[in-house]
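Student: Could you take a close look with me at one part of this structure? I would like to follow a single chain and then see how its neighbours meet it.

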Amino acid sequence: MPAEPHAAPHTHEPDEVPHTHPDPGVDPHAPLAAGARALRVGIGGPVGSGKTALVAALCRALGDELRLAVVTNDIYTTEDADFLLRNGVLPADRIRAVETGCCPHTAIRDDISANLDAVEDLEAALGPLDLVLVESGGDNLTATFSKGLIDRQIFVVDVAGGDKVPRKGGPGVTAADLLVINKIDLAPLVSADLTVMDRDARARRGELPTVFLSLVQDRAASPVADWIRGLVAARVPAA
Amino acid sequence: MSLATLLVLADGRLPSGGHAHSGGLEPQVSAGRVRELDSVAEFLRGKLATTGLVAAAFAAAACARPGNGAEFDQGIDVRTPSPALRKASRAQGRALLRAARAMWTLPSAGREPHQPVALGIVASAAGLGALEAAVAAAHGTVSGAASAAVRLLGLDPYAVHGLLARLAPDCDRIAAAAAKTAGAPVDDLPAAGAPLLDIGAELHATWEVRLFAS
Amino acid sequence: MRARSRVVAESDGHGGTRLTELRSESPLLLRRTGARTVHLVGGGAGPLRGDDLRLEIEVGPGATLEIRSVAAQLALPGRAHLPPSRLEIHATVAGGASLRWLPEPLIAAAGCDHLTVTRVEVAEGGSLLWRDDLVCGRHDEDSGTVRTDTTIRYAGSTLYRHELSAGPAAPGWSGPAVLGEGRAIGTVVAVPASLLPPATSGPADFAIMPLAGPGALATAVAADLRPVRAALDPICDRQPATAGGRP
């Protein structure tokens, strides 16, 4: 595991533009209004990058302190929801599965109606919630969430996908509000250079934060859970 | 009546939830009844003549009489024996209203009306007439399932669109017939059923693994 | 051929049913065959194009009636210039009354052009089991043109509204949305829904579906009548009618 990737601000190699390291604890956006509805956080990323495991970890970490629910968009309808149920991280009534008709990116970006229905139905059935996690179906590097569906989005890539992924960019890597580089415990096995990934992510993402994660070593997904806690805490009361 | 407005309403990219529904195709693909272009064509022809006619008739009637939405909604309920199909129709009606509220000023239409009823009310709010509402409904009946056929069977998209082009005159005929009944009492509106769509939808709803919501 | 037949069943006040009217015109011949049972005995060929047949059934408060037939109805072509053959069935079932309609199938022979119109009105608290089997064409024969148009109402509201068209005049009827390879279809509408077993589907093309209102529909589609009977006979014979069937 590398040294803390988001240490104190410092400058980079001379060939790069010097910049301040983004701190995942500092959201560069204006705080979200705490309206009548829950904070909605989208979790996207390629197939197998560990989205569902991250959702499960977040439910374990945040389930006792926040009123939360989950919407899943797996191409196989109930697969992800079943994983969460089997792992006992959330009761069944807090999980909704949305069918995506072979088009997971459509359901979170171009035609978000089924997801909005699911989020609203959860809020209607469970009463006020603090947080709804919307997990996308596994897709590719171009799949991102519509702002009509979520307030903030997390993009999950893993070291086994190759350390070139952050350099390749794509809307998920460059524009997600939080980039999670997952499964760093596997880095030595797949010859992934985390320093390279870190550097490329920073170059791509400017002020937007990136965190490194190993759910084997950190079952509570602490940096991601902390980032979400920060978002919830920073919500300002609706006018 | 604005033709461009009709195109906006009938556009397959309208974010109204349709992409997640196969229009009953997925269960028939799984049953082995739909495998290639010819069986897709027969599927679409039968669907258009049955549930397509009903959808067109109710869209036309709801467009002509948008204040009677609840009555038409019940009319579709009694023509839709499958609970899974009732649920799918209502989900798509709700999604259409959600999209349309951002496009036109809608009257109150209930939370989750059946899709053809929502379509008629939306068409009326958009300044369209009963015939246009019926055309949009008939076209939507076949285009959604055709798009699902491309995704489920990996068919040549040009060939599938060739099918849709050949079905267009049938859509017009169905829509014209539907528009003629726009003023009829609800019990007299078309009620053509498609037994395999009902049975397939019920079976589909029990699957643990499916790609489409219906 | 034109026929008007009518049967009226009323409670005898002692838990039994008496037929206060039993009027038959050929070919809709009605015969009492049991305490609560009437059979249609006009077998043989027909209806033919040009036929205009009407059957009225009335079941009064507390009465119980079961109607069966001794043979299938065979819709045949008749003379080409005549209008389609037409059978209209009008039934009313009073509160606390029970009607079971369990006839043999309608067979649409090649070249026929037939319409069956069914209108059933069940008052609140009445009970109904309404079965219709249809076979599209005799053995190894194309289907004729056949249409069924059914409305079943309960307590003043429409509960079930269904039309089915098969044969040369019905686009896509033998395609995978309507009947596919199936040439036989059977339906049972039950009021209240509890007259049928709980909702189920498969393994064949068979489903029991709760309607939006207080009833249920069982539908079975198969290549021939045998699997349809195998699916539907047991649920129709499941419980004999009792006066004022309760949910």
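Among contacts in chain B between residues at least 6 apart in sequence, what percentage join residues at least 24 apart?

Tutor: Happy to! Please keep in mind that this is a predicted model. For chain B, the answer to your question is 77%, counted among contacts between residues at least 6 apart in sequence.

Let's begin with how chain B is built. It has nine helices and zero strands, and reading along the sequence gives the pattern α-α-α-α-α-α-α-α-α. The C-alpha trace of chain B spans about 45 × 35 × 30 Å along its principal axes. Its radius of gyration is 16 Å, which agrees with a compact globule, because a globule of 214 residues would come out near 17 Å. Of the 214 residues in chain B, 57% are buried, meaning under 20% relative accessible area.

Now for the neighbours. There are two pairs of chains in contact, and chains B and C share the most contacts. Chain A and chain C have no contact with each other, and their closest C-alpha atoms are 19 Å apart.

Let's visit the side facing chain A. Here 20 residues of chain B are in contact with 18 residues of chain A. The size of an interface is often given as the accessible area lost when the parts come together. For chain B and chain A, that area is about 1,600 Å², with carbon and sulfur atoms giving 49% of it. On the chain B side, the residues that lose the most area to chain A are B:His19, B:Arg98 and B:Leu211, which together make up 39% of what that side buries.

B:Arg98 comes up again when we look at charges: it forms a salt bridge with A:Asp117, and the closest N and O atoms are 2.7 Å apart. Seven salt bridges are found across this interface of chain B and chain A, and the count of residue pairs in polar contact there is 12. Which helices take part? Helix H5 (83-101) and helix H7 (130-153) of chain B each supply at least two residues of the side that touches chain A. The largest share, four residues, comes from H5(B). By kind, the chain B residues that touch chain A divide into 10 nonpolar, four polar and six charged.

Next, turn to the side facing chain C. In this case 31 residues of chain C are in contact with 34 residues of chain B. Together chain C and chain B bury about 2,500 Å², and 63% of that is on carbon and sulfur atoms. Within chain C, the residues losing the most area to chain B are C:Arg161, C:Pro176 and C:Ala177, together 27% of what that side buries.

Across the interface of chain C and chain B there are two salt bridges. In a salt bridge between C:Asp205 and B:Arg33, the N to O distance is 2.4 Å. There are also 10 residue pairs in polar contact between chain C and chain B. Chain C brings strands to this meeting: strand S14 (145-154), strand S15 (157-166), strand S18 (205-210) and strand S19 (216-222) each supply at least two residues of the side that touches chain B. S15(C) gives the largest share of that side, with eight residues. Sorted by kind, the chain C residues touching chain B are 17 nonpolar, 10 polar and four charged.

Note on methods. Residues numbered from 1 in each chain as written. Chains lettered and ligands numbered in written order. Predicted model: local features only at pLDDT ≥ 70, side-chain atom pairs only at ≥ 80, totals over all residues. Heavy atoms only, no water. Contact = heavy atoms within 4.5 Å. Buried area = accessible area lost by both parts, 1.4 Å probe. Salt bridge = Lys/Arg side-chain N within 4 Å of Asp/Glu carboxyl O. Polar contact = N/O pair within 3.5 Å; in protein donor to acceptor, adjacent residues only side chain to side chain. Nonpolar A, V, L, I, M, F, W, Y, C, P; charged D, E, K, R; others polar. Rg over C-alpha atoms; globule rule 2.2 N^0.38 Å. Buried < 20%, exposed > 50% of the residue type's maximum accessible area, 1.4 Å probe, protein only.
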